[in-house]
Amino acid sequence: MDEETTVMRAVLLGPPGAGKGTQADLIQKRLGVPHISTGDLLRTAVGNRTELGVRAKGFMDEGKLVPDDLVIGLIRERLHDDAAEGFLLDGFPRNVSQGEALGELLEESGVELDHVVSIAVPVDELVGRMLGRGRSDDNEDTIRARLEVYRRETAPLCEYYRERGVLREVDGVGSPQEISRRILSHFDA
Ligand code: AMP
């Protein structure tokens, strides 16, 4: 069957290992909304040894956030092209100042976010999933650092969206298809 094409602007939030990338891929297939992952864009830049990649690599290897100006520049370029047809952001924004920058970028394009969905998974399960993934920044020390960065910098962003009344939370434990259905039920509402 043809995939539906939906113009939707959504953000997937959640700790590392919550399945944001898997879900964004499934939703892209289902709704035709482009999946934009800053982690993937940064890994490509690192692989191609671009100036951005060279500057980002050390932060990524240590599980730290890449500085806001680099990531916001990257997303500005992408959203300039994508804002009109919609997007599903995974891994951005990652802190309140990135959230504010996203708001400004969208305002410049005269559009707004339709949905912000936070995927919740218990910490023990997150660590197990990340260790099983085998990515170069998925060793135990880096995982610990990324979970701490999430608690300190990204969790306040959930509050930021909650206060604005746009945050929806889904249980991120279950099969990818089940979790997808939970997310899509919020999109339909
Ligand atoms: P992810 O694939 O989303 O887990 O991202 C992998 C790594 O890329 C993170 O640990 C950060 O070092 C970096 N990164 C991805 N997205 C961002 C972002 N929005 N802000 C800062 N750093 C990011």
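## A ligand in its pocket

Let's start with the ligand, which sits in the largest pocket. On a 1 Å grid over the protein atoms alone, a pocket is an open set of points with protein on both sides within 12 Å along at least five of seven lines; a molecule sits in a pocket if more than half of its atoms lie within 2 Å of the pocket's grid points. Keep in mind that this is a predicted model, in which local features need pLDDT of at least 70 and side-chain atom pairs count only at pLDDT 80 or more, while totals for chains, interfaces and linings use all residues. Residues are numbered from 1 along each chain as its sequence is written, and side-chain values use heavy atoms, with hydrogens and water left out.

Who surrounds the ligand? There are 16 residues around it, and Thr-38, Arg-43, Lys-64, Gly-91 and Arg-94 come nearest (a residue counts as near if one of its heavy atoms lies within 4 Å). This shell comprises six nonpolar, four polar and six charged residues. Here Ala, Val, Leu, Ile, Met, Phe, Trp, Tyr, Cys and Pro count as nonpolar, Asp, Glu, Lys and Arg as charged, and the others, Gly among them, as polar. Helix 2 (residues 38–47) contributes the most to the shell, with four residues; helices (H or I, at least four residues) and strands (E, at least two) are DSSP runs, numbered from the N terminus.

Now for the polar contacts, pairs of N or O atoms within 3.5 Å. A backbone N or O atom of Lys-64 is 2.6 Å from a ligand oxygen. The side chain of Gln-98 places an N or O atom 3.0 Å from a ligand nitrogen, and a polar side-chain atom of Arg-135 lies 3.2 Å from a ligand oxygen. The protein buries 96% of the 480 Å² that the ligand exposes when taken alone (Shrake-Rupley method, 1.4 Å probe).

Two backbone details deserve a look. The peptide bond from Phe-92 to Pro-93 is cis, with omega near -5°, and Pro-93 lies in the loop between strand 3 (87–90) and helix 5 (96–108). Arg-49, though not a glycine, has a positive phi of about 50°; Arg-49 is in the loop between helix 2 and helix 3 (51–61).

Terms used
Polar contact = N/O pair within 3.5 Å; in protein donor to acceptor, adjacent residues only side chain to side chain. 1 Å grid on protein atoms, 1.4 Å probe; cavity = no way out; pocket = protein on both sides within 12 Å on 5 of 7 lines; lining within 4 Å.
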